[in-house]
Amino acid sequence: MSTRQANTDRSARELYTRFHLCGACQGAVTLAEQLAGLCPHCAAPIFAGPFTPNRARERLAELKTRRQVLGMKNTS
């Protein structure tokens, strides 16, 4: 398995884990919420890396698909 695939699998597994903090309210957010673009606590815009909004939506879809391949559910 390539490093890139391993990183994608890790991101897919951790998609709904609250590892990050919203810069505005400091509420814990998931990678899925970051890729969606809004904090679920205060509705402030949040971002996951240097993605454009369109690329963030694509990445979220990719990670959800990978979760399915790995036999995981797509729920928080």
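**Burial, cores and helix packing in the predicted chain**

Asp9 is buried, with a relative accessible area of 2%; here buried means under 20% relative accessible area, exposed over 50% and partly exposed in between, for a 1.4 Å probe and protein chains only. The structure is a predicted model, in which local features need pLDDT of at least 70 and side-chain atom pairs count only at pLDDT 80 or more, while totals for chains, interfaces and linings use all residues. Residues are numbered from 1 along each chain as its sequence is written, and side-chain values use heavy atoms, with hydrogens and water left out.

The chain contains 3 helices and 2 strands, where helices (H or I, at least four residues) and strands (E, at least two) are DSSP runs numbered from the N terminus. From the N terminus on, these elements follow the order α-β-β-α-α. The radius of gyration of the chain, taken over C-alpha atoms, is 12 Å, close to the 11 Å that the globule rule gives for 76 residues, so the chain is as compact as a globular protein of that length. The globule rule is 2.2 Å times the number of residues to the power 0.38. Along the principal axes, the C-alpha atoms fill a box of roughly 40 × 25 × 20 Å. Of the 76 residues, 33% count as buried.

Asp9 belongs to helix H1, residues 3-13. Not counting residues up to four places away in sequence, Asp9 touches Met1, Arg66 and Leu70, contact being defined as heavy atoms within 4.5 Å. Two packed helices are described by the angle between their axes and the distance between the axes. The axes of H1 and H3 come within 9 Å and cross at roughly 85°; axes are lines fitted to C-alpha atoms, for helices over the stretch in contact, and angles run from 0 to 180 degrees between N-to-C directions. H1 and H3 are therefore roughly perpendicular to each other, since angles of 65 to 115 degrees carry that description, those under 35 count as roughly parallel, those over 145 as roughly antiparallel and the rest as oblique. On the H1 side, the contact is made by Gln5, Thr8, Asp9, Ser11, Ala12 and Arg13, and on the H3 side by Arg59, Leu63, Arg66 and Arg67. By class, this contact has 2 nonpolar, 3 polar and 5 charged residues.

In soluble globular proteins, nonpolar side chains tend to be buried together. A nonpolar core is a set of buried Ala, Val, Leu, Ile, Met, Phe, Trp, Tyr and Cys residues joined through side-chain atoms within 4.5 Å. The largest such core has 10 residues: Ala12, Leu15, Tyr16, Leu31, Ala32, Leu35, Ala48, Ala56, Leu60 and Leu63. Helix H2 (31-36) and helix H3 (53-69) are the elements that give two or more residues to this core. A second, separate core of 5 residues includes Cys22, Val29, Cys39 and Ala44.

Ala24 lies in the loop between strand S1 (20-21) and strand S2 (28-29) and is exposed, with a relative accessible area of 58%. Leaving aside neighbours within four places in sequence, Ala24 is in contact with Cys42 and Ala44. Gln26 is also placed in the loop between S1 and S2, and at 47% relative accessibility Gln26 counts as partly exposed. Most residues other than glycine have a negative phi. Gln26, although not a glycine, has a positive phi of about 65°.

Terms used:
Ala, Val, Leu, Ile, Met, Phe, Trp, Tyr, Cys and Pro count as nonpolar, Asp, Glu, Lys and Arg as charged, and the others, Gly among them, as polar.
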